[in-house]
Amino acid sequence: MGGKAKFQKHTAKELSMKQDQKNKGGGGSGLQTRTVAKLNFVCEICKSASPDIKSYQLHYENKHPKATFDRDAMVQQAEAARAAMLEESAKLVAGSHHKKNGAQVDLVQIPGLVGEYGVTAGHTPIIAQLKPGVIKVHVEREKEVQSFFTPGGFALTHANSVTDIACVELVKIEDIDGVAAEASLNKHKAALATAAEGSSEKIEAQIGVETYQAMLTALAGN
């Protein structure tokens with residue numbers, strides 16, 4: 001036997017809590033709250049970090065009850081800090097077996113095995129195998145560009161915009177001896193033509209041909 005629904009009275013605090021829960025949802029009503037939640041808040045008084053604005057407000061109420069908490073000002077400050085972080089230059093850490101370098105740069109162009117791509121500040125974390133080719137480092141985009149040849153390796157871009165490049169060799173394009181590179185290409189072509197199928201000599205010769213062809217292409221395009 002059915003009965004009548006009971007009317008339940010809610011306090012203003014309970015209604016406010018319900019609205020807060022609604023604003024955390026996936027619809028348009030929760031968009032602003034979700035956007036704010038992506039910010040990081042750092043207390044100016046004790047330097048403690050809070051993951052969202054509500055936690056930050058609770059921190060102030062519990063730890064600094066006498067301090068004034070201006071929600072709008074706090075959000076604007078966090079947004080400004082995030083924008084500044086995204087505008088910072090990407091950091092490149094390039095290393096080979098004999099050299100290592102770390103520098104703040106605007107853009108790094110990387111010869112990925114499945115396609116070339118560029119890395120700037122805020123790039124999605126990615127790991128890629130490198131093919132023989134040119135790594136272009138834009139210390140200042142389109143104004144100061146340094147080009148390096150690598151026979152291969154790996155590149156790892158972290159969430160903090162730091163890109164690690166590990167390779168066997170990293171040579172400035174202007175330091176390449178074109179005559180020596182062409183002689184090495186011809187030597188490997190000859191070895192490739194005579195080596196037995198499936199042998200290590202055949203594989204080494206093929207790698208040599210691909211590497212020196214890419215090196216001469218890079219030299220011609222510089």
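**Close-ups of a predicted model**

Residues 24 or more positions apart account for 45% of the contacts (heavy atoms within 4.5 Å) in the chain with a separation of 6 or more. This is a predicted model, where local features need pLDDT of at least 70 and side-chain atom pairs count only at pLDDT 80 or more, while totals for chains, interfaces and linings use all residues. Residues are numbered from 1 along each chain as its sequence is written, and side-chain values use heavy atoms, with hydrogens and water left out.

**View 1. The whole chain, with its 6 helices and 12 strands.** Helices (H or I, at least four residues) and strands (E, at least two) are DSSP runs, numbered from the N terminus. Of the 222 residues, 29% count as buried. Buried here is under 20% relative accessible area, exposed is over 50%, and partly exposed lies in between (1.4 Å probe, protein chains only).

**View 2. The largest nonpolar core, with 14 residues.** A core like this is a set of buried Ala, Val, Leu, Ile, Met, Phe, Trp, Tyr and Cys residues joined through side-chain atoms within 4.5 Å. Those with the most contacts inside it are Val108, Ile110, Tyr117, Leu130, Ile135, Ala155 and Ile165. Two or more residues each come from strands S5 (107-112), S6 (115-119), S7 (126-130), S8 (133-140) and S11 (162-167). Zoom in on Ile110: not counting residues up to four places away in sequence, Ile110 touches Gly115, Glu116, Tyr117, Val119, Leu130, Ala155, Thr163 and Ile165. There's also a second, separate core of 8 residues, and Ile53, Tyr56, Met74 and Val75 are among them.

**View 3. Thr150 in strand S9 (residues 144-150).** Thr150 is buried, with a relative accessible area of 0%. Setting aside neighbours within four places in sequence, Thr150 is in contact with Pro111, Leu130, Lys131, Pro132, Gly133, Ile135, Cys167, Glu169 and Leu170. The Thr150 side chain also makes a polar contact, reaching the backbone oxygen of Gly152 at 3.2 Å. For such a contact, a pair of N or O atoms must lie within 3.5 Å; within protein, one must be able to donate a hydrogen and the other to accept it, and residues adjacent in sequence count only if both atoms are side-chain atoms.

**View 4. S9 and its pairings with S8 and S12.** Strands pair if DSSP finds at least two bridges between them. S8 and S9 run antiparallel, joined by 7 bridges, and Val134 stands opposite Phe149 in S9. S9 also pairs in the antiparallel sense with strand S12 (residues 171-172), over 2 bridges. There, Phe148 has Lys172 in S12 as its bridge partner.

**View 5. Helix H5 (residues 178-194) and its two faces.** Ala181, Leu185 and Leu192 are buried. They cover an arc of only 45 degrees around the axis, which puts them on the same side of H5; the arc uses the directions from the helix axis to the C-beta atoms. The face turned away carries exposed Val179, Lys187, Ala193 and Thr194. At the start of H5, a side-chain oxygen of Asp177 comes within 3.1 Å of the backbone nitrogen of Val179.

**View 6. Helix H6 (200-221), packed against the buried residues of H5.** The end C-alpha atoms of H6 are 32 Å apart, which agrees with the 32 Å its 22 residues should span. Buried in H6 are Lys202, Ala205, Gly208, Val209, Thr211, Ala214, Met215 and Ala218. Their cover includes S8, S9 and H5.

Methods. Expected span 1.5 Å × (residues − 1).
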